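Here are my notes on the model, for you to read beside the coordinates. Please check each point against your own view.

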Amino acid sequence: MPGSFLLCITSTSPFARKCRIAISFLNLSSQISWLKINPWKSSTLRTSNPLCKVPTLLRPDGKPALYDSGVIIEYLDFLSQSQTSRESKRMLIPPSGEARWRALRLQALCDDACSAAGRLYAASQNPSSLDVSQSSKDRLNTAVQFSLDALEKEDLNSEDWDLGDLCAVILPSYCEFRVPHAHINWRDTRPKLAKFVYEMEAKEEFRTNRFSHE
Ligand SMILES: N[C@@H](CCC(=O)N[C@@H](CS)C(=O)NCC(=O)O)C(=O)O
C-alpha cells in the first residue's frame, strides 16, 4: 500500500527527524510519504492534531492521526512488525526488560532537552521578548548541558542501536543546528558522545535525513 500514510514534518524539527530516521531504518519508506508543513501557518494540520504540531502521522481509512513523536515511533514499530516479509522486520523499542526502560528513558531525556533547546532558539530570535526571563534561559541551558553530560556517561551503541541511541544523536545534532550561539560545544567537551555521533551520522538513515533550513 504505497503512500498510504503521510507524515507531516518540518525539516528543522528534532521530533520529526527522529521519525524520519525511524521510517528509513524500519524499511517503511515505500508506505509513508512526508509532507512539509508550517505548523505556525497551516490551517489544516489542526483538524488532524488539535495541538497543530509536527510530527503528525496521517493514516488511511479514516483512522485518527497519531502524535506525538513517541506514539508515532511505537506505531512505526508495530507497522514494521506487521510486514509480511520476515527479513524487513526490525524494532526500535526493545520489547521488554531493562533495555526497554533505557530506550524510553533516553527518549524522554532527549525529547525534553530538545524542547529546551528549541525554546532557547525561539528566545534568541526575539531577544527583547519578555516571555523568557534570563533565569528561565539559564534553567533551559542548564537542562541541555546536563542532558549532554548524561549522554556522555551513557553506554551508547552505534552498532546495534535502538531508539535510545537514536535519540542520543538527535539532541546534540539539534543543538549544533539550532543553537550554535549558545556555546553548547559538545564536540570538544564530550569526546565519547562526539565519537558516537560521528559514527551514527555516517549511517545511511542519518545521512539522508539531516536537519535543513529549507
Ligand atoms: N512532544 C512533541 C513535540 C512536538 C513539537 O514541539 N513540535 C514543534 C516543532 S519542533 C511544533 O510543531 N511546534 C509548533 C507549535 O508549538 O505550535 C513530539 O514529541 O512530537
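This is a predicted model: local features need pLDDT of at least 70, side-chain atom pairs count only at pLDDT 80 or more; totals for chains, interfaces and linings use all residues.

1. Helix α4, length. Helix α4 covers residues 97-125, 29 residues in total. From first C-alpha to last, α4 reaches 43 Å. That is close to the 42 Å expected at 1.5 Å a residue.

2. Helix α4, buried side. Which residues of α4 are buried? They are Ala-103, Leu-106, Gln-107, Leu-109, Cys-110, Ala-113, Cys-114, Ala-116, Ala-117 and Leu-120. An α-helix has 3.6 residues a turn, so residues three or four places apart point the same way.

3. Helix α1. The 12 residues of α1 should span 16 Å at 1.5 Å a residue, and the end C-alpha atoms are 16 Å apart, so the two agree. Is α1 mostly covered or mostly open? Mostly covered: 11 of its 12 residues are buried. After α1 comes Asn-27, with a positive phi near 60 degrees.

4. The α5 and α6 pair. Two packed helices are described by the angle between their axes and the distance between the axes. Here the axes of α5 and α6 come within 11 Å and cross at roughly 135 degrees. That angle makes α5 oblique to α6. The crossing is left-handed. By class, the contact has seven nonpolar residues, one polar and no charged. From α5 come Val-144, Ser-147, Leu-148 and Leu-151. They meet Ala-168, Leu-171, Pro-172 and Cys-175 of α6.

5. Cis peptide bonds. Most residues other than glycine have a negative phi, and most peptide bonds are trans. Where do cis bonds occur here? One joins Val-54 and Pro-55, with omega about 0 degrees. Pro-55 sits in the loop between α2 (45-48) and β3 (56-58). Another runs from Tyr-67 to Asp-68, with omega near -5 degrees. Asp-68 belongs to the loop between β3 and α3.

6. Positive phi. Cys-52 is not a glycine, yet its phi is positive, about 55 degrees. Cys-52 lies in the loop between α2 and β3. It has 19 other C-beta atoms within 10 Å, so Cys-52 is partly exposed. Asp-61 is not a glycine either, and has a positive phi of about 60 degrees. Asp-61 is in the loop between β3 and α3. Is Asp-61 buried or exposed? It counts as exposed, because it has 5 C-beta neighbours inside 10 Å.

7. Ile-9. Ile-9 lies in strand β1. With 22 other C-beta atoms within 10 Å, Ile-9 is buried. Its C-alpha is separated by 5.0 Å from that of Lys-36, 27 residues apart along the chain. Leaving aside neighbours within four places in sequence, Ile-9 is in contact with Ala-16, Arg-20, Trp-34, Lys-36, Val-54 and Pro-55. Val-54 and Pro-55 are the pair joined by the cis bond of point 6.

Notes
Residues are numbered from 1 along each chain as its sequence is written. Helices (H or I, at least four residues) and strands (E, at least two) are DSSP runs, numbered from the N terminus. The expected span of a helix is 1.5 Å times one less than its number of residues. A residue is buried if 20 or more other C-beta atoms lie within 10 Å of its own, exposed if 12 or fewer, and partly exposed in between; C-beta atoms are placed from the backbone. Axes are lines fitted to C-alpha atoms, for helices over the stretch in contact, and angles run from 0 to 180 degrees between N-to-C directions. Angles under 35 degrees count as roughly parallel, over 145 as roughly antiparallel, 65 to 115 as roughly perpendicular and the rest as oblique. A crossing is left-handed if the near helix is turned anticlockwise from the far one by less than a right angle, and right-handed if clockwise. Two residues are in contact if their C-beta atoms, placed from the backbone, lie within 7 Å. Ala, Val, Leu, Ile, Met, Phe, Trp, Tyr, Cys and Pro count as nonpolar, Asp, Glu, Lys and Arg as charged, and the others, Gly among them, as polar.
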